[in-house]
Amino acid sequence: MRAFSYERANDPAHAATRAAAVSGAKFIAGGTNLLDLMKLEIETPAHLIDVSGTGLERIEETADGGLRIGAFVSNTDLAADSRVRRDYPVLTRALVAGASGQLRNKATTGGNLLQRTRCPYFYDTAQPCNKRDPGAGCGALTEGAFSRQLGIIGTSDACIATHPSDMAVAMRALDASVETVTSTGATRRISLDEFHRLPGETPEIETVLDAGEMITAVTLPAPIGGRQAYQKVRDRASYAFALVSVALVRQPDGTGRVALGGVAPKPWRRADADAELPNGAHAVMAKLLAGARPTEENAFKVALAERTLAAMLAED
Amino acid sequence: MEFNRPAGQNLFDKARIVGKPHTRVDAPLKVTGTAPYAYERNDVVRSHLVGYPIGSEIAKGKITAIDAGAARKAPGVRVVITTLEIEPLGIWNYNVARLFGGNVVEHYQQAIAVVVADTFEQARAAAHLVNVTYEIDEDAEFDLDAAFARLEGTGEPSTNVGDFDAAFADAPVTLDEMYRTPSQTHAMMEPHASIVDWSDGGEMTVWTSNQMIEWNRQALATTFSIDPDTIRVESPYIGGGFGGKLWLRADAVLAALGSRATGQPVKLALPRPFMMNNTTHRSATVQRIRLGATRDGKLTAIGHEAASHTLPGGRGENATAQTPYFYAGENRRVMHHLVDMHLPEASDMRAPGEASGLMALEIAMDEMAEKLGIDPVEFRILNDTQVNPSKPSVPFSERHFVECLRRGAEKFGWADRNMTPGGRREGQWLIGHGMAGAYRGNLTLPSGARARLSDGKLIIETDMTDIGTGSYTIIAETAAETMGLSMDAVEVRLGNSAWPVSSGSGGQFGASSSTAGVYAACLALRDEIAERIGAQEAEFRDGNVVAGNTATPLSEIDGELVGEDTMTFGKFHTEEYLMATFGAHFVEVGVHIGTGETRLRRMLAVCDSGRILNPVTARSQVLGGMVMGIGAALSEHLATDTGRGFFVNHDLAGYEVAVHADIPEQEVVFLDTLDPVATPLKSKGVGELGICGVAAAIANAAYNASGVRVRDYPITLDRMIDRLPAI
Amino acid sequence: MSPPIEYELRRRTFLAGAATLTASTALPWTANAKESGMQTANAEPVGPETSRISLRVNGESRTLELDNRTSLLDALREHMGLTGTKKGCDHGQCGACTVSVNGQRINSCLSLAVMHEGDEVTTIEGLGTPDDLHPMQAAFAEHDGFQCGYCTPGQICSATAVLEEIKAGVPSYVTGDLTGPIEMSDAEIRERMSGNICRCGAYSNILAAINDVAES
């Protein structure tokens, strides 16, 4: 971990201004992913702006009947919120599927969206990685590499990393938006679908955020009801990243929404796949995973995603 | 004293303490965080510096340059020592790769430099400033399957009895299958760590985390070409080992070099993401098993050919270890190929050999039972043997495998299981049952101890270690029993090279060997006490030494009396008997019909290990083995990058050991057996038996549940997903 | 039967040079030469690299001058002499470093000490001593809820927090009804304790110890 200077911010707009002004600055809130990466010098900020005291840890009801979740609401507090449990159960289920109790107490809503991939080639600084070191090549795509956990869709020849979040998969199914404040003090709202970028030729750029721009909240539209479920498939029973995860919202008439985790560089959902839900899991996945480009080692995720959804639908 | 014939009736047959449940004597320290582990010896080491290791980024080749200029100028840095500046250090008997020195890279993350700084933060940051240039040697193979295909059928069998080929060809029922087990890592919770004070280049003191104090001292002497008598090693508390801390490793070597260079004590812990490639691991195996049997279920031909990888000169993982001995059968051929590979150093991990071998053999037995239409428990009973089947003139010292099977089947309700694979469903879970036999050889090693009696307090000193096994407690029990004292009157001091050399902890030899050594030392002390009170014969009970009609409290014996001895084991042990431990595992699993995830629902182990010295700690050892067996069955897998030659998932997020949520209701039954051939306490090891066979029992249950037979571990859903029944 | 989902397997590239280089051909390769993280390359700290922090640990006020990089874990172990909290992985992957901060359990390895100004920290040393064990410590001793002892302080700190979390109605992955009270079940305890790895495999005994305390 490189030496860094440290300041506490108490105002989001001021924090954003500082972050844009100071070379090598980064925000820190929960720190559960950033410090992990700083220890390995995958992240090397020269200056940390502690934004945990900026007053963004409230969950408020919005005028249109939805919820506005402050960026620094912890994963635990969000999962335990009675409105979330009642009206957005898929979000609670996804949150408690992630990490461990200790980590969820520290991890924040904004940080969760910004967490970086768990690709082992990204994590090992002796290995080539286009995301960590643009132009170095992708270690996971060379002969003999281990790619079982990695992405099957939305990936590129430069990068097959996945986004590791569970929370974001449920939020995607709920049509969440991200609110930010920019370095000029302006605010903007970005749909979660547009928030994460696909890797293409520039896997090092993961979101649409500008320099210094800070997440202030995630908003959820008014509750949509239906049966909501989140199933996370993994090798061990807990405290593991997903091989595949499925967020499902299903209305009594059989329509609904499906989002996938563990398969792509962002929470993966398509409107045309949602539309197939009344026709069953195979029809959904034929759309949702159309054009998938798995490796030999992770091609099983195609069948796994379909079977997982099929099992969830069969539970109704 | 030498143990040179089977034990007769002795004091342990009327034991008050040994064999009874006792909570650990070190429990109050461990549950309060006050037991000092290697990196925490603030009680004895002050003003130390901190070291941080740097490892090779290639698997095989040479280092042509190391630029440490920026690191040396970094804040707080006292010294950077690179491998290019040090003559190749010596390599002790059981180490394979060189721990430091010279320009040759033998494996990924082999230590190539160390940074020593005032603080951990400074050392870690400076380590990232070191630039290394390599010359890669491309002549390296990392594919064990390819190696097995090349080597199969070549070389000399280790066991070749009867005529395997003819018997297999003639057998009416045969099985011929391939099985694979992955490389595994110990992943003990405490990383390898040492503090070394070699400030003046004279005496070296090493506070470390090591299972084998004397091996460690000898290895340090060889590595640094110094007199072992100038080295003191202390390791009183060890945060787990499982074989990964049998050896001197880079932590102590780098700390010693750093201390010598700076003239101050240096402490160094291996960073977790560095450990899995830098230290040792259990090698992957590829195994071909062929079984031939008569229609009524008698095995007539047993063929087991396996391969594992190793650095040149190492030992690999001999998965055929049990096959010469476990089951009857007149014709067998057993062979293990050691394949040279520049992966990190393969070495021992809990039950080396049998753990991997039984993962395959016990699936094969299940498959054969199915082909024969015989219950798998009965099939194993049919093929029991009371003698070494590869050398029938040698009997097992004690073998109660059949009783393990019968007791387990009864207790588990084996008869009630569904016998049609894929035939039982509860909601979305397919429910299955499986079992496997367990076999682990039993070793004893010479073990010494010193017993001091001072003011009624008995102090036991030995370089024996407690890696979580319960040594402190069973040694206290043995000493209290032998001296007729209560447990509170005994203090046990372990893990210091200043004390008599013991067996150490490994190979499940520690408990039985070290308690025998403590018994010998206590007998020597009893002689001293008897002599002091002028008695020819004396008994020791209730805190007294009793001679004739006179009872003298031990607390009234003036001054200090000392008994010291080493228990050695005569040749009869290995020449006249075959000694082993046995067990049977029964498990119930659920396989999710949609996802193929396999989860445990209940587990039972029945063990035959001779006298159980302390049912509390022995049970915990077996429970722990079962937990590690769950990991081995379902998730543990050091993924090899066969292009670059390294283990990819080298941290505790990528390498998935079992967590709380993986663990079902577990039960352990110990048969009430004694093995007089083993030691005067008639006890054998149990800590490694606990893992043997567990994974196969789970594999067999997963098959019974799903109808999908998986022969490659771990049994992850991707190996099942395309063969699962319709949802 | 519907047609399978079509996909195309991604091709692997060969290692640079591997296909053309013969045995023991030199391939010079300098690693670690590049800066990582685009926007941070070559940036320098803009203020002090150390900070003075004050916090309460086990009821005692502490003020320390620390390198900003110091984790809460290292602050406890290296600067306050509280070595009961263990470093198993230093990356939030094992739970050995679990402590309570302001009443919530966290991984102290993934938290900067400098971010704990004014916080209340409770470590294993704050629960009990060998002569005066906390009920959870006593239950771990009684049920043999450990072997090597290294993960134990983290397990115990987590265990006390888990009982509070269940009482407080914080849901877990195995909670059935998200809107009702949460039952103190084996499954709930196992799931919530899953962030504390015990390689010795004392899980069943740990569960027994926690149940013992939960029932009393």
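A: Let's start with a term: a polar contact is a pair of N or O atoms within 3.5 Å; within protein, one must be able to donate a hydrogen and the other to accept it, and residues adjacent in sequence count only if both atoms are side-chain atoms. Across the interface of chain B and chain C, 26 residue pairs are in polar contact, both residues at pLDDT 80 or more. This is a predicted model, in which local features need pLDDT of at least 70, side-chain atom pairs count only at pLDDT 80 or more, and totals for chains, interfaces and linings use all residues, while side-chain values use heavy atoms, leaving out hydrogens and water. Residues are numbered from 1 along each chain as its sequence is written, and chains are lettered from A and ligands numbered from 1 in the order in which they are written.

Now for the extent of the meeting. Chain B brings 76 residues to the contact (heavy atoms within 4.5 Å), and chain C brings 65 residues. Together they bury about 5,500 Å², 56% of it given by carbon and sulfur atoms; buried area is the accessible area (1.4 Å probe) that two parts lose on being put together, summed over both. In chain B, the residues that lose the most area to chain C are B:Val31, B:Met189 and B:His660, together 16% of what that side buries.

Charged side chains join in too. There are 5 salt bridges across this interface, a salt bridge being a side-chain nitrogen of Lys or Arg within 4 Å of a carboxyl oxygen of Asp or Glu. C:Arg77 and B:Glu40 form a salt bridge, with their closest N and O atoms 2.8 Å apart.

Which parts of chain B face its partner? Helix 15 of chain B gives the most, with 9 residues. By residue type, the side of chain B that touches chain C divides into 36 nonpolar, 22 polar and 18 charged. Here Ala, Val, Leu, Ile, Met, Phe, Trp, Tyr, Cys and Pro count as nonpolar, Asp, Glu, Lys and Arg as charged, and the others, Gly among them, as polar.

Definitions and conventions: Helix = DSSP H or I, 4+ residues; strand = E, 2+ residues; numbered from the N terminus.
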